[in-house]
Amino acid sequence: MATLAGFSSCSLWCPSPRISIAPSPSPPLHTRLRVSCCASPKSSITSTKAKTLSQILDSGVIACLRANNAELAMEAASTAIRGGISVLEIVRSTPGVFQVLCQLVQDHPTVAFGVGTVLSAEDVRNAKRAGAKFLMSPIMVKDIMDDTEDGEILYIPGAMTPTEIFYAYDAGAKVVKVYPVSALGGVQYISAIKKPFPNIPMVASQGITIGLIGDYIACGAASVVLSDAIFDKEAMRQKNFDAIYQLACLAVLRGKEALDRKRQMTPLLADSFRGVNPS
């Protein structure tokens, strides 16, 4: 049973109430795949930051959680992790977000945890103290980029237009979140925007369903952010953690399949450019 009380390494601002986690079945093991990426022009990447980036690219899926209270956030996050989720973002507006994150980091040390909708230096400091490995914003906040440039935490700024995407990458971002991707055209937008920027790793975010994971990754997204697709609103309202577990398992499977197909297609595409007949 995981609790938010009784741990020593978290700061005193971590809460004392005890939170019970409902057990779920253990998830199947999935093969992890390695996807290469380019480094951005500015700054060297630290080993911790590189590991986080690799974990994001290897998973193909970032689960994005927002909840109405800390207890629900803990239970939903733990359930998704049992379903195989290895990269999880908790939205800043979730009550007790840093306390929840602090406990989750202790309970699941191999998972890459991050905080979403980070917009201030204070949020960055609190996220670091809680053990976040990455931060996400809907826009690029230059102060956050500068604060995290030489540190151990990975900053993933949001961008919408070609100019914003290039500006974020040129400023030092190792990966850029394309947001709000569904409102911009979804898979077609990612496909179009990757053509002039094939070397910029992009995470597609907003309104993506599990059924579209393969299309986004096939069209150039390095990973996708799934929010309601895993943490279904009705399931969260009813505390239906079995449903969340099943959705997490399916998302992990579809991400693995998409990355597997992409890896298989890469040498075929290279051969076609060289005029080699794959048969």
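Mentor: A crossing of two helices is right-handed if the near helix is turned clockwise from the far one by less than a right angle, and left-handed if anticlockwise. The crossing of α2 and α3 here is right-handed.

Trainee: Wait, what kind of model is this?

Mentor: It's a predicted model, where local features need pLDDT of at least 70 and side-chain atom pairs count only at pLDDT 80 or more, while totals for chains, interfaces and linings use all residues. Residues are numbered from 1 along each chain as its sequence is written, and side-chain values use heavy atoms, with hydrogens and water left out.

Trainee: Back to α2 and α3, then. At what angle do they pack?

Mentor: About 30°, with the axes of α2 (residues 70-82) and α3 10 Å apart. Axes are lines fitted to C-alpha atoms over the stretch in contact, with angles from 0 to 180 degrees between N-to-C directions. Helices are DSSP runs (H or I) of at least four residues, and strands (E) at least two. So α2 and α3 are roughly parallel, a label for angles under 35 degrees.

Trainee: Which residues make the contact?

Mentor: From α2, Ala70, Ala73, Met74, Ala77 and Ser78; from α3, Val100, Gln103, Leu104 and Asp107. Contact means heavy atoms within 4.5 Å. That contact has six nonpolar, two polar and one charged residues. Nonpolar is Ala, Val, Leu, Ile, Met, Phe, Trp, Tyr, Cys and Pro, charged is Asp, Glu, Lys and Arg, and the others, Gly among them, are polar.

Trainee: And α3 with α4, how do their axes cross?

Mentor: At roughly 25°, with the axes of α3 (residues 97-107) and α4 (residues 121-130) coming within 8 Å. That makes α3 roughly parallel to α4, and α3 passes α4 in a right-handed crossing. Phe98, Leu101, Cys102 and Val105 of α3 touch Asp123, Asn126, Ala127 and Ala130 of α4. By class, that's six nonpolar, one polar and one charged.

Trainee: New topic: where's the cis peptide bond?

Mentor: Between tyrosine 179 and proline 180, with omega about 0°. Proline 180 sits in the loop between β7 (176-178) and α7 (181-184).

Trainee: Why point that out?

Mentor: Because most peptide bonds are trans.

Trainee: What about phi, which residue has a positive one although it is not a glycine?

Mentor: Threonine 117, with a phi of about 55°. Most residues other than glycine have a negative phi.

Trainee: And where does threonine 117 lie?

Mentor: In the loop between β3 (112-116) and α4.

Note on methods:
Angles under 35 degrees count as roughly parallel, over 145 as roughly antiparallel, 65 to 115 as roughly perpendicular and the rest as oblique.
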